Amino acid sequence: MLSLVLGGCCSNVWAYEELLRTEPQVGPALTFSQMLFITLQQLPSFLTYDASLSRLPRLKPRQVPLAQWLLQVTVFASGTLLNNLVFAFNVPLTVQIVFRSAGLAVSMLLGRFFMHKRYTTQQIFAVAFVSLGVVLATLSRPSAKPAAAATAGSPADASRYAVGVAMLLLSLVCTGAHGALQERTYSAYGPCWREGVFYTHMLSLPMFLFMPARVQAGFVGLGQAGGRAYAVLALNMLSQLICVSGVNQLSSRVSAVSTQVVLTTRKAISLCFSVWWFGSGWNAQLAGGAGMVFVGSFWYSLLPAPPPVKRVKRT
């Protein structure tokens, strides 16, 4: 399971960055491709055929009510689309990786206020340390491209960067909410992670009816880059399937916060690889912020869980 998360997600980030360097506007086309591919790959497992009822295959009975999946789809699809759009707003992938590592803080806040969980003082300090690291990294604004560096101080560029950071923040909230909803769903209906993968992707497809031009523009840009771009896209879709399957399996067995610890480790590996392989934007401030994020996450993983609340019986 951990090999699916670490191997699948890290290779997915490599393919993602390769595609972004080929066509920065590929976000909607990439998201659509991932959703469609995973839906079609999972579809045969959820079809049943009974000639006495219908001549056509039908979906198997669900373990989880459709309304539960629709709620997850809303935050999952929004977060995924925002993630794939933000690169076009001059936010380097290195900053994106560090920023998304703050999911630990979002998961804790959602767990505290919506799932009534308790956390120790040390856990709160660890998450605060992570959050400060994210702020430090976000303010660093490195740039790997000379042309981008030349315009980095312009008001227009600063405004685009601010919009990109706001999109990242909203995406982070969506991802945290999705993790909390997954934990609640799997606790109530059992570890039905395969059903979660299928329905969250299938039910996300209709949103692309509202952005056909953006999807088409992404495919046109990849087509102009040649066949290698589509080979990388195929690798991205396959690795996305492996990554999503691993994350959903993990979410069905552990808490949302514990899942975030594993994902933060994965992001640390992706960040190091991005800097080494692509020469992505990097500076001392970003390094310091990233270090705080990963040290804080590791610190959190070593802390014991708070003792359960003792309920006093009334006589």
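Glu17 is buried, with a relative accessible area of 3%; buried here means under 20%, exposed means over 50%, and partly exposed is anything in between, using a 1.4 Å probe and protein chains only. This is a predicted model, where local features need pLDDT of at least 70 and side-chain atom pairs count only at pLDDT 80 or more, while totals for chains, interfaces and linings use all residues. Residues are numbered from 1 along each chain as its sequence is written, and side-chain values use heavy atoms, with hydrogens and water left out.

So who does Glu17 pair with? Its side chain meets that of Arg21 in a salt bridge, a term for a side-chain nitrogen of Lys or Arg within 4 Å of a carboxyl oxygen of Asp or Glu. Helices are DSSP runs (H or I, at least four residues), numbered from the N terminus. Arg21 is partly exposed, at 36% relative accessibility.

The structure holds 3 salt bridges, and here they are:

| Pair | N to O distance |
|---|---|
| Glu17 and Arg21 | 3.1 Å |
| Arg228 and Glu18 | 2.9 Å |
| Lys117 and Glu183 | 2.4 Å |

Arg228 is in helix H11 (residues 227–251) and Glu18 in helix H1, so this pair ties together parts that are 210 residues apart in sequence. Arg228 is exposed at 52%, whereas Glu18 is buried at 14%. Lys117, in the loop between H5 and helix H6 (121–140), links up with Glu183 in helix H8, 66 residues away. Lys117 is partly exposed at 22%, and Glu183 is buried at 12%.

A search of the whole structure finds 2 cavities of 30 Å³ or more. On a 1 Å grid over the protein atoms alone, a cavity is a set of points where a 1.4 Å probe fits but cannot get out, and lining residues have an atom within 4 Å of a point.

Helix H1 (2–22) and helix H12 (256–278) are the elements that give two or more residues to its lining.

Note on methods: On a 1 Å grid over the protein atoms alone, a cavity is a set of points where a 1.4 Å probe fits but cannot get out, and a pocket is an open set with protein on both sides within 12 Å along at least five of seven lines; lining residues have an atom within 4 Å of a point. Grid points are joined across faces, edges and corners, and a volume is the space filled by probe spheres set on the points.
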